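My entries follow the order in which I looked things up.

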Amino acid sequence: MTAARTRLLLAFAVALLLPAPLFAQSGNSTISGLIKDGSGAPIPGVSVMIRHVDTGVAFDAVTNEEGLYRIGALVPGSYRVEAALDGFEPAARAVTLAVSQTLAIDLTLDVARQSETVSVEATVPLVDSQSSNIAQTVTREMLAALPLPNRAASSLVSLAPGVIMIDMGTGTAENYPVFSVAGGRARNQNFILDGGNASNAVGLTRPQQLTTLPVDAMQEFKVITNNYAAEFGHSTGGVIVMSTRSGSNRFHGSIFESFRNDALDAKNFFAKSKPPINLNQFGGTLGGPIRKGKTFFFGSWERTRQLTSETVLSTVPTLLNRNGDFSDLRSSTGAPVVIYDPVTHQPFAGNVIAGDRFDPVARAALQYFPLPNREGTATNANNYVGNSDSTLDRDILVGRVDHQIRMADLLTVRYYINNSGTNVTGSYGNPIADPLADSTDVRVQSLTGAHTHVFTPTLVNELRLTYLRRKFIEHRPGAFPAFTIPGYASLSSTNVARLQTPILDRQVLESVSWSRGRHAFKFGGEFRGGANDEIRDRGSSGSFTFTPLITSNLGAANTGNALASFLLGEVNAGSVQMSDLIRSRASYWAFYAQDDWRVTSRLTLNYGVRWEAELPRREVNNKMNSFDPLAINPVSGTPGVVTFAGRNGTRERAFAADWNNVGPRLGFAYQLTQSGRTVLRGGTGIFYGPTVSNTIGDAAALGFSTSASFVTAQATTESAFKLRDGFPAYARPQLNAGLGAVPVGTRPNTAVSFFDPQQVAPTSYQVNADLQHELARGLVVEAGYIGNISRHLTANDFSINQVPAALLGPGDTQALRPFPQFSNVTLINPSIGKSSYHGPAARLGAQRQRRSRSFRADCQLFRRRMAVQRARDAAVGAAVHGHYHREHDQCVPRGPVAAESGWRSRAAGERAHVDPLVQHRRVREPGELYFRQLAALGTPWTGAGDARHDRREEHRAAGRDEVRPARLRLQRLQSRELQSARLHPWGC
């Protein structure tokens, strides 16, 4: 155990052993302001008290020589700000503080004439005069009023401008939505819950949200779209700051139950019966005081039981085929399909395979195919239909205890657990051999402890510790071999099991806030340590592939059938694969300094700098491979050798750490008028993202698994082996320079994956400008611009073993590949992407506190361009893929834009780089004209339009352009039901 790990565990142990009275209340919001007299002159020495309305917890401060005060570490909620000084009349103001907000509350003290307190009751100013970032807060009122399809509070991120919702997360065990923020990558946001990390294991997995909260447990959250402060980092695509609910001086609770079934659903056209759908969500909350004014608790429990079903069409052997009779085989033109005996190379008499020629293993496996139950097509396709049932059981519990020991010490402890599982039966009726059958067992636990110590009203220290533990176990119902038979449904699947446990992320956050004069400094550091122990079983029971060529007339048209090859036991390719236990580790460090300088009562500057670096993935026992593209392979005599971590000078980590990630940030907020009703804001900065954006698990573990692959070079005349004989003898190869290679001209059987040794952190250059004007009390109009230029974005795995375009031609081109001794050579998650996002936006917002109603509207127009850079020559050894990068071969397709509260008009456009390995022609995608209106906390009316392209992948593969006709559908629903008008408009 390392010294760092020992210190971290000791810190958690101390936090857990603290007695209950030490549990406390600590947040990340701030109230600051200027106290002045009637002439506008600042008043030093004023006593300021900020009291939380629900709990009575109070915080004291004294204005400095500039008349300024500042109190941080506040949780979101309602507060009363009181200011008093001898000789002046006391003043007070009631405000509502949002999550991760710096709220400016300026007060004017008049010369004393009487003893009454001047009290001003007002809502939070809608114009933001203290920060330069672009953000949207989703309040408790919005959470209570708006419809949620899966009761996941974070699904309302779609209310923020620039957010594109990809998947609401309904029906998943973790229950988290997938979305993109202002041009950033999906699943690449930084999620923060109660000030601590809420994302997946750092450096080892995609940085997706893990601790998604039920709506009853969420206090509120904020989507920071652009130009976030230096205390936030490790993201090029937005920051999501969430806060759980806390108790108060009064007991309060709730119970709920939500139910849905298929009673009113229509039967699918292809289904013999109506698929069952049942959803039950129920639970409750309870909060209150343990010790009034000091200690509070809050707990939430939500139980979900869900049954869904989908209709699956499959092609299974006909009754004649099951007996070896293929006389009913027809091509798409109606011509008979003749099968040939691979031994005699003559057609089978009557197109029938005699029973004594059946392979005994194939005969036994054939019985696991379901019998056809519907009329198939002319080619006997789609002759079976069944319903695949999927069940979900999930429990989410959230518990929080808060306490103020004394005014100078605050502590918080919050615990979260999501215990869930899914089970998919498949459509065959027997899950053992059904390729869809699968079950998962998931548990996510998160523990956060925070301690805030106030040395003086101007000097505050915050320490936060977060421990996140997760398991993900996926497995099939049995170890049935996987049979792939082209033209027919498969039997079983190669994905036998995936065992990830534990997945850990441990975080330490330390910060010091210091107010001096007109400056509010904040210094801090962050450490995260990630761990993932994983075993992947991709076919321990065997995977077998059959081809129609073995029973064809040397590939002649209308001859050969894969099922016939299967019945004869002629295996075209077979493999066995199961990884060793791979124990990967990574870590992350960051340090920052931030200053919010209130230059004048009307101008505030926000500037800072953040340095951050990831220590890349390593495997505890060095079970990781790399690749040397220049070394000569001793087997093939061509460049390209597999190397291994910690051996012969190969580094132990996946790639070199990127140490030069310095990100400056600069912004301003200027009140154009003395009244403060018009504010001009803007800013810019450099931001860095995680070096891994996909789950890498047991990647780059070549040589550290039970793995064997058997293929045949001439599938038309020979098979790799007979099914009845089983796999040939296999021994784990030696870890040497010739691992996996074959002589040139021999069919390769090994694919190599490795990390780019020169991988760098994704970099984002962000800029924004924003003008806000309060038209009347509670009504604000806003117009602004958001820009996000990103480089070195991580991409999907990228092949560097492509044949140069100039050498493409007929025949076997394997020898023309840069590394012909391998079937493929792939870079894992390389940093070769780039994107550009420009988003002018306008918004109209209104808020009325007394009537508990809110109204918001915005308009946004954005254009996005995605492309892929050429892989660096140093990383791949040869510039062989430039012909495949058609970066300028693009159009302006228009993609779907997410829903949003308020009425909204948005026209959206995207440029998408066409996958070079699919086709080189331009692809047109649909677009959207979008509007929406909402009166929250009343009876909502919403109109929305979005674009969905059901056949996008088909048209990409075929290289066709398509312009879909417009279709308008308007639904009017009452109360809290979502009302939408969906518009399917134009291509590019």
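Which strands each supply at least two residues of the lining of the largest cavity? Working on a predicted model, I looked this up and found that β13 (190-193), β14 (196-197), β23 (459-475), β25 (497-516), β26 (519-537) and β30 (582-598) each do so. Among the contributors, β25 gives the most to this lining, with four residues.

I then went back to the search as a whole, which covers the entire structure and finds twelve cavities of 30 Å³ or more. For the largest cavity I noted a volume of about 320 Å³. I counted 22 residues in its lining, and I wrote down I192, G195, E231, F232 and L509 as the ones closest to its centre. Sorting this lining by class, I recorded five nonpolar, nine polar and eight charged residues.

Next I turned to the second largest cavity, whose volume is about 230 Å³. Its lining is made up of 21 residues, of which S32, L68, Y69, R70 and S515 lie closest to the centre. When I asked which strands supply at least two residues each to this second lining, I listed β1 (29-37), β3 (58-62), β4 (68-74), β25, β26 and β30. Here β4 gives the most, with three residues. By class, I recorded six nonpolar, ten polar and five charged residues in the lining of the second largest cavity.

Definitions and conventions:
Residues numbered from 1 in each chain as written. Predicted model: local features only at pLDDT ≥ 70, side-chain atom pairs only at ≥ 80, totals over all residues. Heavy atoms only, no water. 1 Å grid on protein atoms, 1.4 Å probe; cavity = no way out; pocket = protein on both sides within 12 Å on 5 of 7 lines; lining within 4 Å. Points joined across faces, edges and corners; volume = space filled by probe spheres on them. Nonpolar A, V, L, I, M, F, W, Y, C, P; charged D, E, K, R; others polar.
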